[in-house]
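Here is a short briefing to read with the model open beside you.

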Amino acid sequence: MIVQRVVLNSRPGKNGHPVAENFRVEEVNLPDCVNEGQVQVRTLYLCVDPYMRCRMNEDTSSDYITPWQLSQVVDDAGVGIIEESKHTNFMKGDFVTSFYWPWQTKVILDGNILKKVDPQLVNGHLSYFLGATGMPGLTSLIGVQEKGHITAGSNQTTAVSGAAGACGCLAGQTGHLLGCSRVVGICGTPEKCLFLTSELGFDAAINYKEGNVAEQLHKLCPAGVDVYFDNVGGDISDTVISQMNQNSHIILCGQISQYNKDVPYAPPLPPAIEAIQKERNITRERFLVLNYKDKFESGILQLSQWFKEGKLKIKETMINGLENMGAAFQSMMTGGNIGKQIVCILGDTSL
């Protein structure tokens, strides 16, 4: 059987900006035989994430992220349906997901890397298992729970950078749901600002490309910032940190503004900002959701419950076709998405 796959065509360089041409679509033969312990799956949805920029380098500068190899198939989280199974835990027709799903229309996988998913948890929207009830949702929920130190009724203010992205959209809503009295988002277009306040319940939003961010933040957070969900790093984060309160907390989720630069993770703060952090006893710890796997099951159930109750609004930017994976990645890295960037591989797969 001939299938399509996406391979890494070239590396942008540690200080370069990724483009769609860094990826290449090619056809390959899928083996006819499914061995014991394996399953053949048809890919339904794939996604792109900022951390993948690190995987485009020969050295990811991380002990938990492996680099992609040139001319080899690319992988990330995906959802699909089993077409043939020789694994005891799965049968034909099961919907499954994995954090290591090859960018390929059909593929034979080791069943042990797969997790069965229940479409009823997301009212049939299978792509949500890559977003709100997948890694971004868990990162937002567990990050806020474990590192935000939110106490309901204590009038805390949360700021979220990259607020219209996959994690930012969910982190702001989670902050409110867990008891924050005020949530302010920072993003890059008027459309995104309006979306955050009119659709997701953010109390205010700042377009960092217009006006003075420090002045706007001071006006919108007059009591200072108690919790900062940091998706971007760089100048925006320096501005937020300078207005954080004593004994406040930074949830270090991502640093997308720094991913095209050859710097360590987490990037060091400028001396003046580092001095503020130390003087005010602001926690800034690297957060890795994979260290909290024992909380995944309960977290997914909580996110699903909030979604079904209408308390958690979910937004996706959907592109069709495996051939557009590279374009989807480039768009996501330059802020072209609102919510999770999803690629639908084989037509409409809503249930």
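Which elements each supply at least two residues of the lining of the second largest cavity? They are strand 8 (157-161), helix 3 and strand 11 (225-230); helices (H or I, at least four residues) and strands (E, at least two) are DSSP runs, numbered from the N terminus.

This is a predicted model, where local features need pLDDT of at least 70, side-chain atom pairs count only at pLDDT 80 or more, and totals for chains, interfaces and linings use all residues. Residues are numbered from 1 along each chain as its sequence is written, and side-chain values use heavy atoms, leaving out hydrogens and water.

**Confidence**
- The protein chain has an average pLDDT (the predictor's confidence in each residue, from 0 to 100) of 93, and 95% of the residues score at least 70.
- Residues 256-263 have a pLDDT below 50, yet this stretch has 32 contacts (heavy atoms within 4.5 Å) beyond near neighbours in sequence.

**Second largest cavity**
- A cavity is a set of points on a 1 Å grid over the protein atoms alone where a 1.4 Å probe fits but cannot get out; lining residues have an atom within 4 Å of a point.
- This one holds about 40 Å³ of space, and its lining includes Val144, Phe229 and Ile251.
- Its lining has seven nonpolar, two polar and no charged residues.

**Largest cavity**
- About 70 Å³ of space lies here, with Cys169, Lys313 and Glu316 among the lining residues.
- Helix 3 (residues 166-177) gives the largest share of this lining, three residues.

How values were computed. 1 Å grid on protein atoms, 1.4 Å probe; cavity = no way out; pocket = protein on both sides within 12 Å on 5 of 7 lines; lining within 4 Å. Points joined across faces, edges and corners; volume = space filled by probe spheres on them. Nonpolar A, V, L, I, M, F, W, Y, C, P; charged D, E, K, R; others polar.
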